[in-house]
Amino acid sequence: PGHQLDTSARLSPSQLRKKREEFWSTAPAYSGRQEIWDALRAACETDDTTLMHAIITSAGIRLPDGSLHLAYDELGNAYEIPPYCISSSSSHTSSSSKTEMKTSEEHSSSEKHSPKQESIVASVDTICGTPMKVKLLLSTGEKATFDIGTEDTIAKIKLLLEDRYDIKAEQLMVVFLGKPITSTCRVCDLKLKANDTLQVFVFQLPK
């Protein structure tokens, strides 16, 4: 492992990104479940340890030695992750991760104010942009498909989930291709293909 870390340390940021992208795009083809690989990628690429633990817990992932190098899902499938994929990424992606988290936090706090909430809720029944279907897989095991528009935001998807499953929007984190998506992101920005599925992690709110 030490040798691999030394090797990755000599790579430029762009080479390291390419190497990671190659791993995450090919690993799911060999074994394991796509949604678990997506969760592990999100956990590996965040520099927020609280968020990392929340992702691992909600996806039902076990870490026998306490690190992300070796993980197991609830079915007993093993997932091995090379050292270069694990949050030495913080040195290259910490600023973007923090920005992303900050945007999410700002949106979560704004959602709690009724005027903002009402303006979003008012648009739930209105499709903005070109109509399309979006498939979702929740960490609870539930699957959902919603008719929305290309100009609709992730915030709207969270509110639709809130209505259907009686969970609060601030409990939800939407992930696509292993990356957390902010509530203000539009569906068209994700460039979804026909069979793409958004992963939704349901977190327990602190009491």
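**Helices, cysteines and loops in a predicted model**

Helix 2 (residues 13–26) has 14 residues, which should span 20 Å at 1.5 Å a residue; its end C-alpha atoms are 20 Å apart, so the two values agree. Here helices (H or I, at least four residues) and strands (E, at least two) are DSSP runs, numbered from the N terminus, and the expected span of a helix is 1.5 Å times one less than its number of residues. The buried residues of helix 2 are Leu16, Arg20, Phe23 and Trp24. Seen down the helix axis, these buried residues fall within an arc of 90 degrees, so they line one face of helix 2; the arc is taken from the directions that run from the helix axis to the C-beta atoms. Lys18 and Ser25, on the other side of helix 2, are exposed.

The structure is a predicted model, in which local features need pLDDT of at least 70 and side-chain atom pairs count only at pLDDT 80 or more, while totals for chains, interfaces and linings use all residues. Residues are numbered from 1 along each chain as its sequence is written, and side-chain values use heavy atoms, with hydrogens and water left out. The pLDDT, the predictor's confidence in each residue from 0 to 100, averages 77 over the chain, and 75% of the residues score at least 70. Residues 1–6 stay under 50 and have 4 contacts beyond four places in sequence, a contact being heavy atoms within 4.5 Å. Over residues 89–122 the pLDDT is also below 50, and this stretch has 35 contacts beyond near neighbours in sequence. Where pLDDT is low, the predicted coordinates should not be read in detail.

Helix 3 (residues 34–45) comes next. Its 12 residues reach 16 Å from the first C-alpha to the last, close to the 16 Å expected.

Arg33 is found in the loop between helix 2 and helix 3. With a relative accessible area of 23%, Arg33 is partly exposed. Its side chain makes a polar contact with the side chain of Glu35 at 3.1 Å; such a contact is a pair of N or O atoms within 3.5 Å, where, within protein, one must be able to donate a hydrogen and the other to accept it, and residues adjacent in sequence count only if both atoms are side-chain atoms. Leaving aside residues up to four places away in sequence, Arg33 touches Asp73, Glu74, Leu75, Asn77 and Tyr79.

The whole structure holds 0 disulfides, a disulfide being a pair of cysteine sulfur atoms within 2.5 Å. For Cys85, the nearest cysteine sulfur is that of Cys44, 6.7 Å away. Cys85 counts as buried, at 0% relative accessibility.

Asp166 is not a glycine, yet has a positive phi of about 55 degrees. Asp166 lies in the loop between helix 7 (154–165) and strand 5 (172–176) and is exposed, with a relative accessible area of 71%. Lys191 has a positive phi near 55 degrees; its place is in the loop between strand 6 (179–181) and strand 7 (197–202).

Conventions. Buried means under 20% relative accessible area, exposed over 50%, partly exposed in between (1.4 Å probe, protein chains only).
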